[in-house]
Amino acid sequence: MPKPIASRRRAKVSQWQRVCRALPFAFGLLLFAFCLPVVAAQQPQSQGASAPPPTRPPVVDPKAQALLDKIIKALGGPAFMGFKTLTTRGRTFSIVDESTAGMAPYIQLMEYPDKRRFTYGTKKPVVLINDGDQAWEVDQYGTTHQLPVQVLRWKVSNYYSLENLLRLRIHEPGVLIQMGGADFVDNLPAQVIEIVDSRQVDIKIYVNRTTFLPLRITYSALNPTTHEQDEYADDYSDFKEFDGVLTPMHIGRFINDERVAENFRNSAKYNETYPPGTFSPTGH
């Protein structure tokens, strides 16, 4: 479990039950989408009128910038910053009350920053496709649009993913980055970088003080149902090199200090060229 940073509420199982009508739906919500409370305040593309984006250049403490440079270098430097696509295979687990609720093999094709094709299951696979604001689900019965909650969770989790956070978010106008002291993650000493992004979301990156690899990324988001802040965390471990990029093969996902999902990658491949139609329900 993540080391407590502040007093947090436990996520409610009843909410999980209301949202997840079937186990396959849980598998489809990969990357902070394993039946978590709906997050509306920080969705990447707000709906309706919104305030103009900030125009102030990023404000970065020099010590924080030096540590960010070490993180980027540890992850692969130009190889990490420059890749366009990432293909991963493995197993994904959904967890409720610290017990495994289900497991499925998967393959995910990502074209950054916001396109994915996620296929899970074997005998009757289900495919989730996202292309910006467009989102479909394809199964043995045909093609439908993903539910709004699926689309929203995908956008939020992808917006703050390790790749998009370090390659996009920290360079956006209006961001504030500074050092946040020291802490421990799974008994490993970590330095902390504190970020307030252009949407005024508080983010923390916990960095291994020896390897300079990210150990954890946390942020808070308003739960529109309870009108309280939920605390999210991704734990990254078991880094292996693929195509010059250090890649986390294990990702643990938490909300309000409760483990909700585990993602075990078996392989990763960068910069593959995907066929036309990969991110369309009628192609590939």
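This is a short tour of one predicted model, stop by stop, for you to follow in your viewer.

Residues are numbered from 1 along each chain as its sequence is written, and side-chain values use heavy atoms, with hydrogens and water left out. Because the model is predicted, local features need pLDDT of at least 70 and side-chain atom pairs count only at pLDDT 80 or more, while totals for chains, interfaces and linings use all residues.

**Stop 1: the whole chain**

Start with a cartoon view, where you will find six helices and 14 strands. These are DSSP runs numbered from the N terminus: helices are H or I with at least four residues, strands are E with at least two. Of the 284 residues in the chain, 51% are buried. Here buried means under 20% relative accessible area, exposed means over 50%, and partly exposed lies in between (1.4 Å probe, protein chains only).

**Stop 2: the nonpolar core**

Select Leu166 and Ile193 next, the residues with the most contacts inside the largest nonpolar core, which has 44 residues. Now show helix α3 (residues 62-75), which supplies the largest share of this core, six residues. A core of this kind is a set of buried Ala, Val, Leu, Ile, Met, Phe, Trp, Tyr and Cys residues joined through side-chain atoms within 4.5 Å.

What does Leu166 touch? Leaving aside residues up to four places away in sequence, its partners are Leu68, Ile71, Ile72, Leu75, Phe80, Met81, His171 and Ile205. Contact means heavy atoms within 4.5 Å.

**Stop 3: aromatic rings**

On Tyr112, look for Arg167, whose charged end sits over the ring, 5.3 Å from its centre. Then move to Tyr159, where Arg169 lies over the face at 3.8 Å from the ring centre. To count, NZ of Lys or CZ of Arg must be within 6 Å of the ring centre and within 35 degrees of the ring normal.

The structure holds nine aromatic pairs. Select one of them, Tyr106 and Phe118: the ring centres are 5.5 Å apart and the planes at 40°, so this pair is tilted. Tyr106 belongs to strand β3 (residues 99-111) and Phe118 to strand β4 (residues 115-120), so the pair ties together parts that are 12 residues apart in sequence. Both Tyr106 and Phe118 are buried. Rings of Phe, Tyr and Trp (its six-membered ring) pair if their centres lie within 6.5 Å; planes under 30 degrees apart count as stacked, over 60 as edge-to-face and the rest as tilted.

**Stop 4: salt bridges**

There are eight salt bridges, each a side-chain nitrogen of Lys or Arg within 4 Å of a carboxyl oxygen of Asp or Glu.

Pick Asp235 and Arg216, whose closest N and O atoms are 2.6 Å apart. Asp235 lies in strand β12 (residues 228-242) and Arg216 in strand β11 (residues 214-223), so their bridge ties together parts that are 19 residues apart in sequence. Buried or exposed? Asp235 is buried, at 10% relative accessible area, and Arg216 is buried at 1%.

Step to Asp234, which forms a salt bridge with Arg253, the closest N and O atoms being 2.6 Å apart. Asp234 is buried at 6%, and Arg253 is buried at 1%.

Finish at Glu111 and Lys115, a salt bridge with its closest N and O atoms 3.9 Å apart. Glu111 is partly exposed at 29%, and Lys115 is partly exposed at 25%.
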